[in-house]
Amino acid sequence: IWSYRDVEVWKTKAHWLVDRLAARWADAVTCCSDAVRQFVLVHMNGQASKFSTIYNGVDLKTFGSARAASRSELKLREGGFVIGTVSRLDEPKKGLAVMLRALAHLAGRSGMPDWQWLLVGDGPARDRLRSLAVELGLPGQVLFTGMRHDVASVLPVMDIFACPSLYEGFGIAIVEAMAAGRPVIASATGGITEIVVHGDTGLLVPPGDAAALADALATLLTHPDQARAMGARGQARVRERFSIEMTVQQHQQ
């Protein structure tokens with residue numbers, strides 16, 4: 001069994017030639033989303049019946065009932081809304097510079113409630129993102145936590161979960177956030193559109209569009225009841241479609 005886990009845009013023709021040759025020895029090829037499956041089929045020219053979609057799954061017990069970390073522990077201000085992102089700091093793929101520009105748009109709007117952005121993760125773009133936050137006048141609004149191993153405890157602190165990726169094969173962090181009952185704002189790209197139902201469990205925006213991302217954030221910040229209802233529906237969707245038990249069962253079959 002062979003598996004594709006992302007939209008591998010970096011691969012050259014030579015890479016795909018090797019993949020096509022090697023795939024002859026695979027009995028089955030699993031893909032983590034329909035978007036990844038379609039992307040791979042275009043490049044592989046292989047037997048479509050070999051390729052199937054099995055979504056990634058999460059442990060609902062871990063992400064549905066974890067103890068929430070304290071605001072003081074995370075160095076957040078008391079009161080106000082928390083916009084959160086859990087991501088490897090890898091640019092441009094993860095769209096985190098786009099997110100910072102969207103937040104700069106948001107900071108310039110009148111009538112917005114108090115908010116902060118909690119960015120959980122580490123990676124090669126960390127220093128560039130910190131510098132951009134200062135350049136945009138956002139250092140007091142943005143908190144970089146660095147690498148953490150207690151994401152299940154950090155998610156309940158977030159009022160909104162944002163995933164601004166420019167491309168994404170699936171988006172496991174989104175599923176984890178939904179399992180924790182968080183409403184999601186994300187880019188309408190790749191496998192993300194198979195997870196988030198626009199207007200029902202969150203809002204989808206065009207990838208790379210900072211203005212649209214700012215508008216979506218403003219919508220949920222100013223309509224917290226709507227945001228909470230989206231979070232509850234998202235949690236129910238994860239139970240139905242993205243549990244780790246379901247992923248295991250499909251692999252067994």
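This is a predicted model: local features need pLDDT of at least 70, side-chain atom pairs count only at pLDDT 80 or more; totals for chains, interfaces and linings use all residues.
Biologist: Let's begin with the salt bridges. How many does a search of the whole structure find?

Modeller: The search of the whole structure finds 14 salt bridges.

Biologist: What makes Asp225 and Arg228 a salt bridge?

Modeller: Their side chains come to 2.4 Å, N to O. The cut-off is 4 Å between a side-chain nitrogen of Lys or Arg and a carboxyl oxygen of Asp or Glu, so the pair qualifies. Both residues lie in helix α9 (residues 224-241), three residues apart, about one turn of the helix. In general, an α-helix has 3.6 residues a turn, so residues three or four places apart point the same way. Asp225 is exposed, and Arg228 is exposed as well.

Biologist: Why do Glu168 and Lys93 count as a salt bridge?

Modeller: The closest N and O atoms of Glu168 and Lys93 are 3.9 Å apart, and the limit is 4 Å, so the pair is counted. Glu168 sits in the loop between β7 and α7, while Lys93 sits in the loop between β4 and α4, so this pair ties together parts that are 75 residues apart in sequence. Both Glu168 and Lys93 are buried. The two also belong to a network of salt bridges that links them with Asp6 and Lys94.

Biologist: Now for Glu91. How do you know that Glu91 has no salt bridge?

Modeller: The nearest side chain of opposite charge is Arg128, 6.3 Å away. A salt bridge has to be within 4 Å, so Glu91 has none, although Glu91 is buried.

Biologist: What does the side chain of Glu91 reach, then?

Modeller: The side chain of Glu91 reaches the backbone nitrogen of Gly95 at 3.1 Å. A polar atom of that side chain also lies 2.9 Å from the backbone nitrogen of Ala97. Leaving aside neighbours within four places in sequence, Glu91 is in contact with Leu96, Ala97, Ala125, Arg128 and Leu129.

Biologist: Where is Glu91 found, and what is the peptide bond from Glu91 to Pro92?

Modeller: Glu91 is in the loop between β4 (81-86) and α4, and Pro92 is in that loop too. The peptide bond from Glu91 to Pro92 is cis, with omega near 5 degrees.

Biologist: Turning to helix α5 (residues 126-135), which residues are buried?

Modeller: Leu129, Leu132 and Ala133 are the buried ones in α5. They cover an arc of only 105 degrees around the axis, which puts them on the same side of α5. The face turned away from that buried side carries the exposed residues Arg128, Val134 and Glu135.

Biologist: What covers the buried residues of α5?

Modeller: The cover includes α4 (96-107) and β6 (142-146). Just after α5, Gly137 takes a positive phi of about 75 degrees.

Biologist: What other residue has a positive phi, although it is not a glycine?

Modeller: Lys75 does, at about 65 degrees. Lys75 lies in the loop between α3 (60-64) and β4.

Biologist: Why is Lys75 called exposed?

Modeller: Lys75 has a relative accessible area of 67%, and exposed means over 50%, so the word applies.

Biologist: Last topic, the nonpolar cores. Which residues touch the most other members of the largest nonpolar core?

Modeller: Of its 49 residues, they are Leu118, Leu155, Met158, Phe161 and Ile174. Elements giving two or more residues to this core include β5 (115-120), β7 (160-163) and α7 (172-179). The largest share, six residues, comes from α7. A second, separate core of 36 residues includes Ala102, Ala216, Leu217 and Leu221.

Biologist: What does Leu118 touch?

Modeller: Not counting residues up to four places away in sequence, the residues Leu118 touches include Leu74, Leu76, Val82, Ile83, Leu143, Val154 and Met158. In soluble globular proteins, nonpolar side chains tend to be buried together.

Conventions. Residues are numbered from 1 along each chain as its sequence is written. Side-chain values use heavy atoms; hydrogens and water are left out. Buried means under 20% relative accessible area, exposed over 50%, partly exposed in between (1.4 Å probe, protein chains only). Helices (H or I, at least four residues) and strands (E, at least two) are DSSP runs, numbered from the N terminus. The arc is that of the directions from the helix axis to the C-beta atoms. Contact means heavy atoms within 4.5 Å. Lys and Arg count as positive and Asp and Glu as negative; His and the chain ends are not counted. A polar contact is a pair of N or O atoms within 3.5 Å; within protein, one must be able to donate a hydrogen and the other to accept it, and residues adjacent in sequence count only if both atoms are side-chain atoms. A nonpolar core is a set of buried Ala, Val, Leu, Ile, Met, Phe, Trp, Tyr and Cys residues joined through side-chain atoms within 4.5 Å.
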